[in-house]
Amino acid sequence: MKNRQEAINYCKEYKDVYEDEPFRDDNWTLIRHKNNDKTFAWIFERENRIWINIKNEPGMNEQLRNEYDSIVPAYHLNKEHWNSIILDGTVPEKEIHELISTSYDLTKDK
């Protein structure tokens with residue numbers, strides 16, 4: 001996963017989600033749950049790379065930041081609960097998919 005559309009398309013494969021662009025800045029694409037409008041993926045371009053903000057458990061966030069240089073505290077979100085994944089090819093796609101899945105699960109209604 002290296003580009004914006006690929007990230008959007010992957011996130012839209014999840015059940016009962018939709019793509020949203022709620023800001024005046026069209027750089028931001030949010031993928032939300034239909035039933036609660038919570039966002040599980042914030043997709044944007046920064047520093048000439050595509051970034052995805054995803055939610056995870058606080059302890060896991062720190063571990064992931066230590067393991068991957070391209071996983072950093074989330075840009076513009078609570079850094080305890082959210083990470084940014086910089087899509088530069090250094091985080092394995094399988095890991096990105098698992099992190100998006102976790103974010104989806106943590107933000108959907110129980």
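Which residues of helix α2 (residues 58-67) are buried? I put this to a predicted model.

**Helix α2**

I looked up burial along α2 and found N61, L64 and R65 buried. They span an arc of only 100° around the axis, which puts them on the same side of α2. I noted the general rule here: an α-helix has 3.6 residues a turn, so residues three or four places apart point the same way. Then I turned to the other side of α2, where G59 and N66 are exposed.

What do the buried residues of α2 pack against? I listed β5 (71-73), β6 (82-86) and α3 (93-107).

**Strand β2**

Next I checked strand β2 (residues 29-33). Five of its five residues are buried, so the rest of the structure largely encloses β2. I sorted them by face. T29, I31 and H33 lie on one side. L30 and R32 lie on the other. Both faces are covered. For the pattern I recalled that side chains in a regular strand alternate between the two faces of the sheet.

**Partners of β2**

Which strands pair with β2? I found strand β1 (residues 17-20), antiparallel to β2 over four bridges. In this pairing I located V17 opposite H33 of β2. Strand β3 (residues 39-46) also runs antiparallel to β2, and four bridges join the two. Here I saw I31 standing opposite A41 of β3.

Last, I followed the chain from β2 to β3. The two strands form a hairpin with five residues between them. I checked the turn and noted D37, which has a positive phi of about 60°.

Conventions: Residues numbered from 1 in each chain as written. Predicted model: local features only at pLDDT ≥ 70, side-chain atom pairs only at ≥ 80, totals over all residues. Heavy atoms only, no water. Buried < 20%, exposed > 50% of the residue type's maximum accessible area, 1.4 Å probe, protein only. Arc of directions from axis to C-beta. Contact = heavy atoms within 4.5 Å. Pairing = 2+ DSSP bridges.
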